[in-house]
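The residues that line each space are set out by position, class and secondary-structure element.

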Amino acid sequence: MNISFYAPWHTDQDDEVLASCLETNLATDGPFSAKVHKQLSRIYEESPMMLTASCSAALETALCLCGLTQDDQVLLPSYNFPSAANAVLRAGAAPVFCDIDPDTQNISLKDAASKITGRTKAIIPVHYAGVACDMEALLKLAQEAGLAVVEDAAQAIGSLYNGRPLGTLGDFGCVSFHYTKNISCGEGGLLLCKNRQTYEDARCYRVHGTNRDAFFNGECDRYTWVTPGSSTAPSELCAALLSARLPWLEQITRIRVKRLEDYLKALKPLEDAGYARLMAVPREACPNGHIFYLRFESQALRDRIHRLLLENGVEARTHYVPLHLSPMGRKLGYRPGDCPESAACCDTLLRLPLHTRLTLRQTGQIAELIIKGCSS
């Protein structure tokens with residue numbers, strides 16, 4: 001076998017839109033950005049939104065707009081990419097790492113609730129693998145504690161929670177178009193805002209802290225510096241590529257979800273025999289097939305199956321080193337025993353190939369190889 005872990009989606013229009021974009025002056029927020037905004041408005045409906053250079057830029061904008069100070073704390077899962085933690089630090093606050101649920105690898109609300117103090121001002125749920133957190137319970141917890149909710153929906157374009165797109169349930173939502181994501185333009189992001197006021201604040205932050213957007217929309221006769229800000233808009237070339245690929249989102253999601261379901265069916269005997277746990281998809285969650293993973297019963301078995309797959313041409317991968325176990329986590333005062341489920345996940349989780357070029361036959365071959373490897 002020769003099965004890659006990633007396989008980007010390309011369209012016949014990629015070259016055409018890029019060539020057309022190069023004929024423009026490449027000004028930020030040009031015609032291709034406007035087209036993408038219109039396309040995304042069909043997905044996210046009435047949510048005020050803006051394109052960003054990356055999901056990290058969207059997270060940094062959202063945390064900045066939360067009005068945090070050096071005395072404030074923000075909850076987020078330890079089993080996570082560093083972007084959200086960096087955004088908290090850049091906003092001047094302290095990240096508080098929470099453990100995860102062993103079924104979904106999403107933030108443990110029980111652990112999060114136990115870490116809320118008078119200093120806690122926000123929570124960042126990460127929808128791991130494009131599978132929704134328990135947003136009803138999380139939003140209730142946040143409301144009772146007076147916390148802002150910043151959804152890290154980096155992996156979740158096309159995913160739903162009770163029929164609503166992930167990223168639209170909290171105060172802010174952050175989406176990624178990184179080259180590893182279901183829809184990609186190489187690098188790019190999206191910031192979703194709950195209300196008009198935060199959107200207006202984000203517009204200023206996005207263009208160096210000025211009211212430039214209002215000026216170009218004829219809302220004022222000149223623009224000036226009004227607030228701290230940055231330059232977080234994507235390049236017009238990235239927007240052009242994104243405009244060619246977004247129309248395929250529904251088809252991409254359908255194919256990837258079908259392969260995810262194929263894995264779940266083919267690998268059920270593995271779970272029945274106690275060798276590994278299948279990824280869980282709660283009833284209220286509608287995933288996008290971004291990731292398929294297994295949680296093996298031991299690190300030794302995970303590592304053995306990982307080697308077996310690689311030896312047979314299947315590019316499987318582990319995932320995050322928990323943030324509390326990282327060198328930066330240690331500098332922030334965390335210790336190895338702080339988030340035990342996150343550490344166990346690091347040792348036992350293995351991601352399998354999942355993309356639009358993967359076939360039913362290949363998922364079956366991979367599953368057969370894993371099951372035989374576990375039982376031998």
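## Second largest cavity

Ten positions are set out here by name: Leu51, Thr52, Phe177, Cys185, Gly188, Gly189, Pro234, Cys238, Ala239 and Leu242 line the second largest cavity. Two elements each give two or more residues to this lining, namely strand S1 (49-52) and helix H9 (236-245). Helix H9 supplies the largest share, 3 residues.

The model is a predicted one, and the second largest cavity in it holds about 40 Å³ of space. Its lining divides into 7 nonpolar and 3 polar residues, with no charged residue.

## Largest cavity

How many cavities of 30 Å³ or more does the model contain? The count comes to 2. The largest cavity has a volume of about 150 Å³.

The lining of the largest cavity is made up of 17 residues. Nearest the centre of this cavity lie Ala7, Pro8, Trp9, Lys181 and Arg256. By class, the 17 residues comprise 9 nonpolar, 5 polar and 3 charged.

## Largest pocket

Turning to the open spaces, the largest pocket has a volume of about 570 Å³. It is lined by 28 residues, and those closest to its centre are Phe81, His178, Thr180, Lys181 and Tyr320.

Which elements give two or more residues to the lining of the largest pocket? They are helix H3 (55-65), helix H4 (83-90) and strand S13 (349-352). The largest share, 3 residues, comes from H3. In terms of class, the lining of the largest pocket has 13 nonpolar, 10 polar and 5 charged residues.

## Second largest pocket

The second largest pocket has a volume of about 360 Å³. Its lining consists of 16 residues, of which Asp29, His37, Tyr199, Arg206 and Asp213 lie nearest the centre. Helix H2 (31-44), strand S1, helix H7 (196-206) and helix H8 (212-216) are the elements that give two or more residues to this lining. Strand S1 also gives two or more residues to the lining of the second largest cavity.

By class, the lining of the second largest pocket has 6 nonpolar, 5 polar and 5 charged residues. The lining of the second largest cavity, by contrast, has no charged residue.

Definitions and conventions. Residues are numbered from 1 along each chain as its sequence is written. This is a predicted model: local features need pLDDT of at least 70, side-chain atom pairs count only at pLDDT 80 or more; totals for chains, interfaces and linings use all residues. Side-chain values use heavy atoms; hydrogens and water are left out. On a 1 Å grid over the protein atoms alone, a cavity is a set of points where a 1.4 Å probe fits but cannot get out, and a pocket is an open set with protein on both sides within 12 Å along at least five of seven lines; lining residues have an atom within 4 Å of a point. Grid points are joined across faces, edges and corners, and a volume is the space filled by probe spheres set on the points. Ala, Val, Leu, Ile, Met, Phe, Trp, Tyr, Cys and Pro count as nonpolar, Asp, Glu, Lys and Arg as charged, and the others, Gly among them, as polar. Helices (H or I, at least four residues) and strands (E, at least two) are DSSP runs, numbered from the N terminus.
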